[in-house]
Amino acid sequence: MATYTLDKAVSAAESKTAESAAKPYVHPYLAGILLGIVLFLAFFLSGNGLGASGGMNRILVWGEDKFVPEHINRTAYLSDIAGGDVNPLKNWVVYVSIGVPIGGFIAGWRNGRLKVETNRGPHVSIRSRWLLAFIGGAFMGYGARLARGCTSGQALSGGAVLSAGSWAFMFAVFAGAYALAYFVRRLWL
Amino acid sequence: MPPFPLHLVDELGETGSYIVYLLIGFAFGYALEIAGFGNSKKLAAQFYFSDMTVFKVMFTAILTAMVLIFLVTGLGLLDYNLIWVNPTYLWPGIVGGLVMGVGFIIGGFCPGTSLVAAATFKLDGLFFALGAFFGIFLFGETVGWFEDFWYSSYEGRLTVPEFLGMSTGGVVLMIVVLAMLAFFGAEWAERFFGGRPATPKWRYSAAGVIVLAAVGVFVIGQPDTNDRWDWISDEKEAQLANREVQIEPAELLDLMHNHKLKVYMVDVRDEADYNLFHILDAKNIPPEAIPDRIDEFLEEPANTVFVVMSNDEKTATEVWKTMVAESVVNVYILEGGINNWLTVFSDPEGTPCTVCPSHADEQLHFSFDAALGSRHPMANPSQDVFQLEFTPKVKLQTKGGLSGGGCG
């Protein structure tokens with residue numbers, strides 16, 4: 001009885017410091033159904049799925065094109081996106097990618113989850129977490145372009161329309177993460 | 001013809017279409033945030049089995065979207081051939097996926113979720129997003145070093161049903177059933193590894209609904225070429241009868257010299273006739289092989305004009321029907337076929353036939369001393385010699401929903 005109340009008190013105190021006034025997240029299956037309906041509507045209305053890294057890529061290349069247009073024109077991959085008069089922002093995925101943080105912000109605001117914080121494992125300092133996040137992001141960005149799509153554009157979108165390559169990709173992402181998870185457990189546990 | 005997907009740019013203009021995409025992105029970001037995907041600890045917990053939220057949300061989303069998509073395509077409301085199916089580049093996809101997995105477990109996000117995290121002031125999300133930009137930048141600068149690999153193991157618009165040799169409905173049902181077992185396993189793992197999953201009763205009802213819907217997809221099936229032709233036959237038969245899609249040889253010659261277009265000539269005659277003579281760059285694809293090439297046709301760039309040709313028009317017209325029914329756009333028939341082409345360009349004056357030869361027997365009416373193929377002078381007649389007048393019929397139509405690249 002005594003341990004039970006202690007447990008409860010500790011977890012209550014934790015949740016108070018971690019997410020003061022923050023509403024709990026939606027149940028995973030419900031969130032998945034909602035996300036699935038969004039994904040379906042994207043295909044149903046526009047014929048395209050969802051995306052994120054593609055839009056980030058185009059925004060980045062758009063910026064590069066302002067500074068080093070010759071370099072863009074001489075690099076085959078970049079030239080396809082922004083060579084000559086081609087405007088890299090004239091593509092649907094750019095607008096989906098801009099919508100994502102806006103939607104995220106509104107959802108966070110309505111649920112009391114707007115909070116300056118750094119989520120990290122208990123044994124990682126804030127600075128290390130920032131550095132690791134940057135390095136992880138770099139891997140992720142590089143891999144996403146190599147695979148022609150990220151978790152949104154390949155796994156979710158390609159998975160739902162049964163692209164064979166997207167399913168192979170999806171298993172590869174999970175395999176890569178699970179293979180390394182044990183060795184970097186000190187980062188999270 | 002199925003009313004969806006909409007051609008957003010035609011319906012709403014460019015700006016209007018971007019507003020729709022912005023709203024789609026908004027809903028996507030909103031759903032990610034309420035799922036808890038702005039929190040890297042929640043995402044990383046996936047890989048230590050104590051909180052399988054990532055798996056549950058992702059697969060529930062895929063199942064929901066998949067079942068809905070193949071229900072509406074089965075009912076003829078949505079045209080599967082007009083939605084973007086990521087082309088398969090197998091090994092770049094797998095290697096890229098492994099690299100992303102490494103980034104995921106080190107950084108705790110994927111690109112989309114890092115945007116959501118940054119938008120809710122999570123500093124690790126912000127650093128991750130900056131890192132992602134850096135990785136994307138690095139890729140643009142280095143892909144030139146291994147371009148051969150990046151374009152390797154290309155399988156085109158390969159789908160799981162095609163790969164497994166199963167019906168679409170069968171694959172949908174199989175994936176749904178396997179996912180249910182996987183969810184059961186995930187909940188068990190969570191309890192085993194010290195997590196406390198919320199297990200509301202309604203999830204059984206939800207599972208029941210989705211399995212029933214998948215059975216529905218299986219029972220309804222997907223439309224075949226004949227069904228697809230029936231949707232559009234009235235309109236398309238009229239086009240054939242009014243000769244709106246049969247282009248004169250002179251127009252084809254003009255198209256071949258139009259550098260803004262890609263002319264894809266499909267020569268459906270038998271190999272012997274093709275070897276005797278064919279128009280420069282025409283591809284020999286027998287009619288029975290056309291269905292297998294549809295995916296490839298659908299992936300051609302938007303400025304592609306297909307011209308189907310046989311010795312006369314009969315076989316070409318049948319192939320045209322198949323291609324049009326499968327939603328390939330900008331498909332035309334060479335008027336009078338190869339016989340007419342040879343008639344027109346064998347006369348130095350290039351008199352166009354007023355009454356086109358109507359031999360419907362699909363025989364080549366010219367004899368050749370040797371199988372010259374496209375080395376024959378008439379395979380690529382000079383436009384300077386043959387300055388012919390023609391009634392232009394080709395109107396370039398942009399593709400419906402397809403605008404390339406999920407994360408393109």
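Domain bounds here come from an automatic or database domain assignment. The structure is a predicted model, in which local features need pLDDT of at least 70, side-chain atom pairs count only at pLDDT 80 or more, and totals for chains, interfaces and linings use all residues. Residues are numbered from 1 along each chain as its sequence is written, chains are lettered from A and ligands numbered from 1 in the order in which they are written, and side-chain values use heavy atoms, with hydrogens and water left out.

**Chain A and its domains**

Begin by selecting residues 24–115 of chain A as domain 1 and residues 121–189 of chain A as domain 2. Their centres, taken over C-alpha atoms, are separated by 17 Å. Eleven residues from domain 1 of chain A and ten residues from domain 2 of chain A take part in the contact, where contact means heavy atoms within 4.5 Å.

Helices (H or I, at least four residues) and strands (E, at least two) are DSSP runs, numbered from the N terminus. Of the 189 residues of chain A, 54% count as buried; buried means under 20% relative accessible area, exposed over 50%, and partly exposed in between (1.4 Å probe, protein chains only).

**The nonpolar cores**

Now select A:L162, B:M58, B:I69 and B:I105, which touch the most other members of the largest nonpolar core, a set of 97 residues. Helix 3 of chain B gives the most to this core, with 14 residues. Such a core is a set of buried Ala, Val, Leu, Ile, Met, Phe, Trp, Tyr and Cys residues joined through side-chain atoms within 4.5 Å.

Centre on B:I105. Leaving aside neighbours within four places in sequence, B:I105 is in contact with A:A177, A:L180, A:A181, A:V184, A:L187, A:W188, B:F47 and B:Y48. A second, separate core of 51 residues can then be located through B:V268, B:A282, B:L342 and B:L388, which are included in it.

**The largest cavity**

On a 1 Å grid over the protein atoms alone, a cavity is a set of points where a 1.4 Å probe fits but cannot get out, and lining residues have an atom within 4 Å of a point. The largest cavity has a volume of about 120 Å³. Helix 8 (151–160) of chain A gives the most to the lining, with three residues.

Definitions and conventions:
On a 1 Å grid over the protein atoms alone, a cavity is a set of points where a 1.4 Å probe fits but cannot get out, and a pocket is an open set with protein on both sides within 12 Å along at least five of seven lines; lining residues have an atom within 4 Å of a point. Grid points are joined across faces, edges and corners, and a volume is the space filled by probe spheres set on the points.
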